[in-house]
Amino acid sequence: MILRRTTLAGALALTRAEIADMFQYRVVLFLYSLWEVVHPIVYLAVWGAIAGEGDVGGLRLSDFAAYYLTFMLVSHVTAAIEIYTFGPMIQQGELSPHLLRPMNPVWVAAARNISYKSVSMLLLIPVWIGLVIILRPTFSITAGSALLFVVALVVAALLSFLVGTTFALLAFWTTRSFSFWEIWIGLTFLLGGQIAPVELLPGFVQNLATALPMRYTLGFPIEVLLNRLDAGELALGFVLQFAWLIAAALIVRTVWRAGIRQYSAVGA
Amino acid sequence: MRILRIVSAFLRAAILKETAYRAELAGNLLRSVINIGVAVGGLAVVFSHTSELSGWRLEQAMVLLGVYYLVQGIVQTALSPSLNEVVSEVRKGTFDYVLLKPVPSLLLSSTRRFVVWHVADVMLGGAIIAIGLIRLEAQITVGIAAVFVGVMVGGVAIVFSIWLALTTLVFWFVRVENITMIFQLFFDTGRYPVEIYPFWLRQLLTFVFPVAFITTVPAQTITGREPLVAIWLAPLIGILALLAAARFWRIGLSRYTSASS
């Protein structure tokens, strides 16, 4: 896909408009942010209760605190919301006016994604800082890991957006795209580094988690930042993350083209 | 008697409506199975590193998870559909029609809608409880079973009261579509025993937002664990919460002024 300057300008304008729109819903956005805080705290409590004064697989309580505090920010940045923002547009025929514009409607989904996250991030940060003070994590971050983290995080956010868009695009064919999405959510819960850091998964499941894409939308950037991976694992991780990103981009392209061909607005 | 007839008529209508969308029904059932399967898988991951979680064995934690889904299923079948309707009706002013009917408004507002397929969560939750109990080789006497049912009813009463109180806020703030998210936020902490949380959070979840009474206490009762607090408190708190919520509803109702006045 060649990015023309007019497309970029259009995307920027869309994002600005969406941000202005988002500010109307401060309270709701704050509630959504709290949601993202509560779940990691539950997992942290579980692992904290097991670790106690000792450790679980080499992770002490303060390591779990660092993991799940990073988790809050990463899961926020990479959250895929397209099933709620883009899916209904297709289902209710609101896609039609966007098709008349000289840019792909996927940009509308992207603009909404970015605006949602930037506004709710503002609400999340104060809560997060408070939690850092309460939970006393030990962040073992180096300059190198921070740099690689930024790369891993950006790719994770892109990958997650493309996956979310793919599931949202299923609305071209079925009214039940949400059921498929829940399967993805469930797999991410188990294999993406949510219920447990991937390194704590039992052997065979861990290999599965390394191969499948879920970890690369969530757990991988956290592991990179906190230096939980050796050089080999790091290299393999990045290769697989980029491979999944390319695969996801191709899938979205294919699904979009197939879907738009047989799209008919409500009532047609 | 008349009340029972009204509720059963609503229930019949809900079942008829649901059976019209059979494919949807199958998809939703599959969703329930996946959700619960994933949750059990999560427990398996946690317990691959330990034999007990704050004194709870895997089987006991499974029973607790079962209680969670049982209550969740009841909420989504019978409580949330009706009460969510109230929120949108008050906003649009069509709540007038509820008040005009010769049935107590609270009864009508909380029993009008049922989303029947969520019963799947109730059944799967029950199945997980049963599996946990069988693997524990628990000796369930009639007495224990009766106490368990009593404690569960207390827990559901607490849930209903919280949900009703949150809904009643609509009479003051009108735009509260997402307020019940607060409930889910706290309720999600109830997937695990309340003992895992740090002291202050445990107090919050026991006395302020009593999730402990909804999942931990019933699971303790039936798996024969040392109870967290005297179990007879659960039904008592349930009754008190119901009375308080009903009173709050009446206060809220007196503020209702329809949409355009």
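# Note on a predicted two-chain model

1. With 10 C-beta neighbours inside 10 Å, Arg136(A) counts as exposed (12 or fewer other C-beta atoms within 10 Å; 20 or more make a residue buried, values in between partly exposed, and C-beta atoms are placed from the backbone). Arg136(A) is found in the loop that links α7 (106-135) to α8 (143-169) of chain A. Its phi is positive, about 45°, although the residue is not a glycine.

2. The model is predicted, and local features need pLDDT of at least 70, side-chain atom pairs count only at pLDDT 80 or more, and totals for chains, interfaces and linings use all residues. Residues are numbered from 1 along each chain as its sequence is written, while chains are lettered from A and ligands numbered from 1 in the order in which they are written.

3. Ser54(B) sits in the loop between α2 and α3 of chain B. Ser54(B) has 18 C-beta neighbours inside 10 Å and therefore counts as partly exposed.

4. Chain A has 12 helices and two strands (DSSP runs numbered from the N terminus: H or I of at least four residues for helices, E of at least two for strands). The order along the sequence is α-α-β-β-α-α-α-α-α-α-α-α-α-α. The C-alpha trace of chain A spans about 65 × 40 × 35 Å along its principal axes. Of the 268 residues in chain A, 41% are buried.

5. Chain B also comes to 12 helices, but with zero strands. Its C-alpha atoms fill a box of roughly 60 × 45 × 35 Å along the principal axes. Buried residues account for 39% of the 261 residues in chain B.

6. In chain A, 80% of the contacts between residues at least 6 apart in sequence join residues at least 24 apart. In chain B, residues 24 or more positions apart make up 79% of the contacts with a separation of 6 or more.

7. The contact between the chains takes 25 residues from chain A and 24 residues from chain B. On the side of chain A that touches chain B, the elements giving two or more residues are α2 (26-51) and α9 (177-191) of chain A. Helix α2(A) gives the most, with 11 residues. By class, this side of chain A has 19 nonpolar, four polar and two charged residues (nonpolar: Ala, Val, Leu, Ile, Met, Phe, Trp, Tyr, Cys and Pro; charged: Asp, Glu, Lys and Arg; polar: the others, Gly among them).

8. Leu200(A), in the loop between α9 and α10 of chain A, is buried because 21 other C-beta atoms lie within 10 Å. Setting aside neighbours within four places in sequence, Leu200(A) is in contact with Val56(A), Gly57(A) and His49(B). The C-alpha atoms of Leu200(A) and Leu59(A) are separated by 9.2 Å, although the two residues are 141 residues apart along the chain.

9. Pro213(A) occupies the loop between α10 (203-211) and α11 (219-225) of chain A. With 22 other C-beta atoms within 10 Å, Pro213(A) is buried. Beyond its neighbours within four places in sequence, Pro213(A) is in contact with Leu159(A), Val163(A) and Trp244(A). Pro213(A) and Ala79(A) are 134 residues apart in sequence and 14 Å apart in space, C-alpha to C-alpha.

10. The largest nonpolar core has 134 residues (buried Ala, Val, Leu, Ile, Met, Phe, Trp, Tyr and Cys residues joined through C-beta atoms within 7 Å). Helix α3 (residues 58-92) of chain B gives the most to this core, with 19 residues. The residues with the most contacts inside the core include Val46(A), Tyr68(A), Leu65(B) and Val159(B). Apart from neighbours within four places in sequence, Val159(B) is in contact with Val71(B), Val75(B), Leu79(B) and Ile214(B).

11. One helix pair deserves a separate point. The axes of α2 (residues 22-47) and α6 (residues 119-136) of chain B come within 10 Å and cross at roughly 35° (axes are lines fitted to C-alpha atoms over the stretch in contact, with angles from 0 to 180 degrees between N-to-C directions). From α2(B), Leu29(B), Ser32(B), Val33(B), Ile36(B) and Val40(B) meet Ala120(B), Asp121(B), Leu124(B) and Ile128(B) of α6(B). The residues of this contact divide into seven nonpolar, one polar and one charged.

Key. Contact = placed C-beta atoms within 7 Å.
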